[in-house]
Amino acid sequence: RKSMNCSKILRRHTHALDFFQAWYNFVKPHKSLRLEVNQGRKKWMQRTPAMAEGLVDHVWTIKELMTFRVPIQ
């Protein structure tokens, strides 16, 4: 089987961890970070850690995460 749990190649394991951290911070909304709003039927605004820090203004999709290009400085 091929899985990241028993990765023997350090570089692949590092890439998998980088992807997981990006997904966790930009794509996955956290219940503890949600904000209460009163807009009709919507009572809560879902937020990710990146939104809570002010890095982004919306929850990203997986496609958006995978196609994002880091600007060269």
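Figure 1. In the protein chain, residues 24 or more positions apart make up 30% of the contacts with a separation of 6 or more, a contact being heavy atoms within 4.5 Å. What you're looking at is a predicted model, where local features need pLDDT of at least 70, side-chain atom pairs count only at pLDDT 80 or more, and totals for chains, interfaces and linings use all residues. Numbering starts from 1 along each chain as its sequence is written, and side-chain values use heavy atoms, with hydrogens and water left out.

Figure 2. The C-alpha atoms fill a box of roughly 50 × 35 × 20 Å along the principal axes.

**Figure 3. The largest nonpolar core.** Six residues form this core: Val 27, Ala 50, Met 51, Val 56, Trp 60 and Leu 65. A nonpolar core here is a set of buried Ala, Val, Leu, Ile, Met, Phe, Trp, Tyr and Cys residues joined through side-chain atoms within 4.5 Å. In soluble globular proteins, nonpolar side chains tend to be buried together. Zoom in on Leu 65: skipping residues up to four places away in sequence, Leu 65 touches Phe 19, Ala 22, Trp 23, Val 27 and Trp 60.

**Figure 4. Lys 43 on strand 2****.** Strand 2 covers residues 42–47, and Lys 43 sits in it. Lys 43 counts as exposed because its relative accessible area is 56%. Neighbours within four places in sequence aside, Lys 43 is in contact with Leu 35, Glu 36 and Val 37. Arg 12 is 31 residues away along the chain, and its C-alpha atom is separated from that of Lys 43 by 41 Å.

Note on methods
Buried means under 20% relative accessible area, exposed over 50%, partly exposed in between (1.4 Å probe, protein chains only). Helices (H or I, at least four residues) and strands (E, at least two) are DSSP runs, numbered from the N terminus.
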